[in-house]
Amino acid sequence: MTRPERGKLDARGLRAAPSQVLGAVRLVPLVRDEPLAGLHLYAAPTHADLTVVRLDPRTTYTAYVPHALVAALPGHGQAHASAGTQLVRPRAAPEAVFRVQMTQRLARREGDGLRLLPQHLALEAYLSVGFGGPDVAWPEYSREVLSRGLSPRVERVRRGDAVRGLDDALRVFELYPGQVGVLVFVADAFASAFVTPCPEDYRRLHRTLLEDMYGELLVQYAVLHPDAAALWGRIDGGAVGSLADLADAVAGLRREWGAFAGLMASGLLDAEFDVATAQHLGGFRLQRFLPSFNPHAENHVGEAIVDAAGRLAYLQTFRLSAAQARRGRLLSALVAADWEIAAAAEALGTSREELLARLRNNGLERLLKAHVR
Amino acid sequence: MAVDLDALPLTRLCTYVVTRPLAERRARAEELHAALRRAAGRIVERQRWRLGSVAAVLDRSDSSSGSEEKHRRPLALALAGHYLLREAAERYEACWTPPPPADAGGPEPALLLEPSGATDLATPILAALRGRPSLVAVISDGYDNDPPGGAGEVLRVFRERLDPEARSVVVHVNPVFDADDFSPRALTPAVPTIGVRDASDLPTMLAFARFAAADAALDGLHAFLAARVAELLQEDAAGDAAAMEAEP
């Protein structure tokens, strides 16, 4: 893992096509005019109820991981590609065996390929912020955090099938010619981005979006705003006197709709990230990135595979909830200040007392000694 | 194994056709086309179904692939509706979305259609309305996404502003029942939506929908129902006769 560098995503070669909406879910196709040659992606189902990944001799990452992604150079294990297209259905009958899969790393080289656990690679980067705990025994911290760090660090996420309407939206979604990716919006809030190297890969992986992780907020949005799209596109009947007028009005509707600039609306391209390279494969690099934890912006974690020129071959993101972003902001501020509360408070533009209160209010109270005020 | 095409009812025949590989459909185009016409003709004759000028808007977009269980069912229903309406109508125009490629060729370009592309229903509906036919049948799963809701808006404004007396009756025929409430998904409240699982129900369903849409006079409804009853009795008699023959 390299040291993180500040950077932006490079979406050269990708453009957004007109979106399709069903209920609260808007899917914006991402299209490449030229497929990105030299890399293929496919999914390998894990069939495990729980996946335990050994990160280092003392640290494990435990999560439900529906499938791994394999990124392969041309000529690698093509026989596997078709097996990867099968999605695991939720089991109809309970099994007596609870399957646990043990894995060595979140991303590892396999011959000419690279096996990674999508989204989990990014989420683990988020969970590891400040995970080790304070190096200096500042008086405010609890004995537990001084000896064990933040372990266990737990965050809750939801599976795509909990987002109401996503299943139907993915099923009736009509693939766009040359489509290699998609932006998912729920009630027009940007949820996630997914990009693959070429249309065949996307076609195979389209349905895996249903097994991806989504934040609680998006599950709520889907329930609260089931018909977000209905607010768009009404024709003013008063101005229509003929079929030709009606045709003009439809053309206007289509222009208005096409102007929903997916990539711009996502805010992904403007955001600055801390990018670290995790693996190399041929001329490609696997990176994972963390947001700046700005409380007034959306915060997305993600992983990407970029080619030698820095162009995105693969991208998958996860939107942190507001509470998760606040925890990330507090922890990264503490890390940057070597865990000195007063210095971190100053960097955050607040007082020591206020910072202590915020740590408590954001689910990080176990960092602190009980009596610290 | 050879399939006796004339033994299949229209909907099953259409499902058979649209699940054949394209090359086979192309090679057997004449044979399939003739069988489809005969199957549609049998329904039209049995129900003595006569229509004036008809335009059909037929959806073969990606979502017409249907579910895994009902593979290509929506496309099959669109094809069945196409053959039925053409047999029954005096004047008939078909508007597919997306339109068939210009070089499709053969006796019937619709035979060679595959589910593909986004659903622009607004454009073919506008084209269908242009000739002011007495009936416009929109056969679509109701997922209208280019632009989203465009077809519903066109139909609403057409009914409210351009044709309030409903001289052109528009009916939305939906081959797909929504998973949540088991009802067909509507394009707009401004036109009736009927759910059709079997193309042979189309004449009856369309006739009822026309009463809903056009607010037809009571006399017309009486005559229509009398004809349906007579037909039902006839079918029963035929069925009984067949049952008698089957007795040992």
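**View 1. Area buried between chain B and chain A of the predicted model.** About 2300 Å² is buried between chain B and chain A, and carbon and sulfur atoms give 60% of this area; buried area is the accessible area (1.4 Å probe) that two parts lose on being put together, summed over both. The contact (heavy atoms within 4.5 Å) takes 24 residues from chain A and 29 residues from chain B. This is a predicted model, in which local features need pLDDT of at least 70 and side-chain atom pairs count only at pLDDT 80 or more, whereas totals for chains, interfaces and linings use all residues. Residues are numbered from 1 along each chain as its sequence is written, chains are lettered from A in the order in which they are written, and side-chain values use heavy atoms, with hydrogens and water left out.

**View 2. Salt bridges across the interface of chain B and chain A.** Two salt bridges are found here, each defined as a side-chain nitrogen of Lys or Arg within 4 Å of a carboxyl oxygen of Asp or Glu. One of them joins Arg254(A) to Asp120(B), at 3.0 Å from N to O.

**View 3. Cysteines of the structure.** Zero disulfides (pairs of cysteine sulfur atoms within 2.5 Å) are found over all chains. Cys95(B) is in no disulfide, and its nearest cysteine sulfur, that of Cys14(B), is 19 Å away.
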